[in-house]
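I opened this notebook page to look up charged side-chain pairs. The entries follow in the order in which I consulted them.

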Amino acid sequence: MLTCGETWCKLYLMSTALGFLDGLAYGADYNPEQWGRDVWEDDLELMRRARVNLVSLAIFSWALLEPEPGRYEFGWLDNVMDGLAAAGIRADLANATASPPAWLSHRHPEVLPVTADGRRMSFGARQAYCPSSTVFRDASLSLTREIAERYRQHPALAMWHVSNEIGCHNAHCYCDVSAAAFRRWLEVRYRDLDTLNDAWGTAFWSQRYGSWDEITPPRVAPAFVNPTQQLDFRRFSSDACLDVYRAQRDVLRSTTPDLPITTNFMVMQFQKNLDYASWAPEVDILANDHYLQAADPDAHIELAFAADHCRGLAGGGPWMVMEHSPSAVNWQPRNVAKLPGEMIRNSLQHVARGSDGVMFFQWRASAAGAEKFHSGMVPHAGTKTKTYREVVRLGRILERLGEIAGTKAERAAAIVFDWEAWWAVELGAHPTIDVTYLDRMHAIYEALWRMGITVDVVPPSADLDEYRLVIVPTLYLTADDFAERLESWVAAGGTALVTYLSGIVDPSDHVRLGGYPGAFRALLGIRSEEFFPLRSGETVHLDDGSTADVWTELLHLDGAKAVASFTDGPVAGVPAITLNRRGDGTAWYMATRLDGEATHRLVKQVADDAGVKPAIPMVTAPSGLEVVRRSGPAGSYLFLINHGDETAHVAAAGYDLVGDREIGRSVSVRPGDVAVIREEIG
């Protein structure tokens with residue numbers, strides 16, 4: 001066993017944004033257990049060639065580290081850790097609890113999760129455990145203690161990685177163990193049954209509870225299940241998964257109090273199971289996994305949204321991308337390979353928007369298993385490949401970008417994102433199935449992205465004072481506290497844009513009476529008396545030339561003025577876009593689903609009203625140019641990422657860290673290329 005020596009201690013004290021690297025992190029999930037030992041030495045040499053300095057290790061190794069209960073075999077992992085240390089590569093060491101071994105569910109089948117219709121899942125994939133299972137908890141904590149004690153002083157150890165993508169496949173378990181845990185959670189939340197019955201509206205459909213034991217998770221039922229029960233079960237499930245993380249983290253913390261601990265979030269467009277706003281304060285380094293949706297031709301915009309969301313969860317500070325793909329993934333219907341240069345663009349997008357590392361899944365593409373066609377930094381075809389050549393090139397670029405670590409992305413606008421609102425608005429029995437939470441969120445974000453405006457995506461609890469513009473899309477469930485803070489912020493001089501179906505219900509999913517949009521009526525200076533959702537394919541027109549669909553409402557002005565009104569449809573003549581001066585600020589309301597061009601026009605009008613400007617004048621830039629500025633005490637860095645098919649010519653002066661060249665007065669960025677300019681001061 002290697003011990004902490006003088007060199008390791010000096011390296012650890014070289015503080016950067018990640019606390020243990022002099023620059024940006026670069027690497028991948030490393031799974032040497034899938035390969036013979038003859039491959040390990042090749043791996044280290046190829047990593048050195050690529051400038052890899054950090055790998056995530058032992059994530060799915062429980063069955064190898066503990067082949068039977070209480071018997072541990074660490075020899076292979078000792079050798080790998082020693083090899084990494086000798087090569088100067090650090091380890092983001094997992095506690096290996098992401099997937100329990102077969103012996104656990106074979107001896108304790110009750111540990112397996114149960115679906116809403118009562119089917120118990122089987123072993124054979126991953127995450128085969130109920131988050132509330134005490135059997136799983138005891139076994140996972142025992143393994144965590146063994147790993148923590150064995151490697152606590154190893155010179156390769158840089159940080160701890162708890163489990164992996166917690167709740168990805170098993171966030172919602174409906175077994176009897178989960179039911180008991182759900183009841184305990186409800187008792188803490190509500191304290192007495194009268195309060196719960198009031199919150200759940202159990203006077204409807206004779207659902208009143210007279211005993212805690214009568215309450216179950218929202219299992220399959222003959223008709224619509226109580227919506228507040230469903231909402232609370234989602235809250236409970238997110239908290240139960242968070243408890244899995246906390247318990248394992250606390251064991252590691254007690255053993256190595258000075259080492260950073262994280263787990264990988266999944267902030268991407270299809271992951272709605274966990275409320276990461278409540279998770280973010282629990283990690284030392286906010287880390288995220290993100291994969292492009294191959295069917296989306298503008299997937300790089302959704303990537304930017306996810307990165308801005310991570311930065312918002314990190315309070316505007318640095319974070320790190322823990323996983324993305326070198327090329328194709330394996331789990332989408334059509335797994336499209338990345339084109340030449342795309343992987344580097346994707347990676348530098350994350351860095352531009354605050355990531356202090358670029359990590360992949362995985363280092364070497366697997367030869368067997370469910371993810372064998374998931375790309376790796378070293379592909380099946382080996383090193384004489386597009387992918388590995390780009391891996392080496394990216395390593396050199398990141399080495400030159402090391403000075404950026406710890407700087408922050410400049411931004412003056414925020415979009416409010418709330419998982420509870422997402423859960424609530426997409427429950428059943430609502431005015432239309434065509435209103436989904438991410439729809440306006442992404443549409444408005446895309447408009448800002450194309451304008452070159454960098455945006456924090458923040459929870460409702462965020463401090464709004466550092467922003468000049470705040471967007472509130474489809475915040476169906478709204479707490480009084482946020483509505484009051486937003487109103488005060490606008491009155492103090494801020495500019496807000498609120499979209500339809502916001503402010504409608506309180507945190508118990510009870511409709512706010514007196515007219516829509518409930519919590520935001522006074523701020524917006526309007527009152528809607530009735531929703532008029534549109535039929536499938538139906539469109540309406542506004543008197544400013546805009547086209548809209550999905551949503552209209554019978555809206556009355558109550559202090560606001562109409563910016564545009566409907567000219568046809570069920571509420572012809574009624575305002576569709578309104579503006580209300582409130583104190584020193586302005587509140588806009590969008591009462592319909594505008595088409596893409598109209599959305600862009602409105603968002604630009606609102607941004608201009610707020611005085612929010614892009615990093616560079618985007619009227620001179622071609623479509624597809626992404627522009628972000630990171631800055632810190634030592635200076636600023638302008639990221640220019642060209643996703644389009646025209647060369648961009650941008651006024652800039654300084655040093656291009658990607659091209660390793662001086663920039664006089666302007667820089668040209670060809671289609672598919674990236675420039676990162678260390679800007680001249682003055």
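Entry 1. I began with R189, which is partly exposed at a relative accessible area of 38% (buried means under 20% relative accessible area, exposed over 50%, partly exposed in between, with a 1.4 Å probe and protein chains only). I note that this is a predicted model, in which local features need pLDDT of at least 70, side-chain atom pairs count only at pLDDT 80 or more, and totals for chains, interfaces and linings use all residues. Residues are numbered from 1 along each chain as its sequence is written, and side-chain values use heavy atoms, with hydrogens and water left out.

Entry 2. I looked up the partner of R189 and found a salt bridge with D232, the closest N and O atoms being 3.4 Å apart (a side-chain nitrogen of Lys or Arg within 4 Å of a carboxyl oxygen of Asp or Glu). D232 lies in helix α9 and R189 in helix α7, so the pair ties together parts that are 43 residues apart in sequence (helices are DSSP runs of H or I with at least four residues, strands runs of E with at least two, numbered from the N terminus). D232 is buried, at 0%.

Entry 3. I then turned to D456, which forms a salt bridge with R311 at 2.7 Å between the closest N and O atoms. Strand β12 holds D456 and helix α11 holds R311, so this pair joins parts 145 residues apart in sequence. R311 is buried, with a relative accessible area of 0%.

Entry 4. I recorded a salt bridge from D456 to R411 as well, its closest N and O atoms 2.7 Å apart. R411 sits in the loop between β10 and β11, 45 residues from D456. Both D456 and R411 are buried.
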